[in-house]
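Hi everyone, thanks for coming.

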Amino acid sequence: MDDREWMRAALAEAHRAAALGEVPVGAVVVRGDELLGAGHNRRETGGDPLAHAELLALRQAAARVEGWRLLGCTMFVTLEPCAMCAGALVNSRVERLVFGAFDPKAGWCGSLGDIPRDPRLNHRLEVVTGVLADECGALLRDFFRGLRGERGAPP
């Protein structure tokens, strides 16, 4: 599968989050053609500030490989990771990050800062941006329009 196909898997996770009333962000961790972990936001439903899609996917992938080092892995996520999630990607030794939409208010993979490529850290990731950005961004915009009760929002 290519980056677009894996991003579609992350989008499917984001749709699961939206169905729960969560901010629709989804993430998957893959190595080669193998899906190791998947997650979607569950902060509201779980009452857990750490239940970001990325962290849930990393936890599942680590359990699958029976270790915290996710060498050779790529994370696909629909929204640019925050500082917490970007730090987790570095600390879990993920090799590559692919994300859809930029997050100018909270993203730390190019927007507000760039944790994954910071040369001061002991590990750096390759970062690919904008994969299915329109679809990822539209899902988020529609979700927040719905919360505000704006016209044209999905039910």
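Predicted model: local features only at pLDDT ≥ 70, side-chain atom pairs only at ≥ 80, totals over all residues.

**Aromatic pairs and a helix**

Phe99 itself is buried, at 0% relative accessible area. In total, the structure has 3 aromatic pairs.

Another of these is Phe143 with Phe144, also edge-to-face, with 5.1 Å from centre to centre and 80 degrees between the planes. Here Phe143 is buried, at 14% relative accessible area, while Phe144 counts as partly exposed at 32%.

Now for helix H5, which runs over residues 133-148. Its 16 residues reach 22 Å from the first C-alpha to the last, close to the 22 Å expected at 1.5 Å a residue.

Which residues of H5 are buried? They are Cys136, Gly137, Leu139, Leu140 and Phe143. These residues cover an arc of only 155 degrees around the axis, so they lie on the same side of H5. And what covers them? The cover includes helix H1 (3-19), strand E3 (74-79) and strand E4 (96-101).

If you turn to the face of H5 pointing away from that buried side, you'll find the exposed residues Asp134 and Arg148. Finally, just after H5 comes Gly149, which takes a positive phi of about 75 degrees.

Note on methods: Residues numbered from 1 in each chain as written. Heavy atoms only, no water. Phe/Tyr/Trp six-rings, centres within 6.5 Å; stacked < 30°, edge-to-face > 60°. Buried < 20%, exposed > 50% of the residue type's maximum accessible area, 1.4 Å probe, protein only. Helix = DSSP H or I, 4+ residues; strand = E, 2+ residues; numbered from the N terminus. Expected span 1.5 Å × (residues − 1). Arc of directions from axis to C-beta. Contact = heavy atoms within 4.5 Å.
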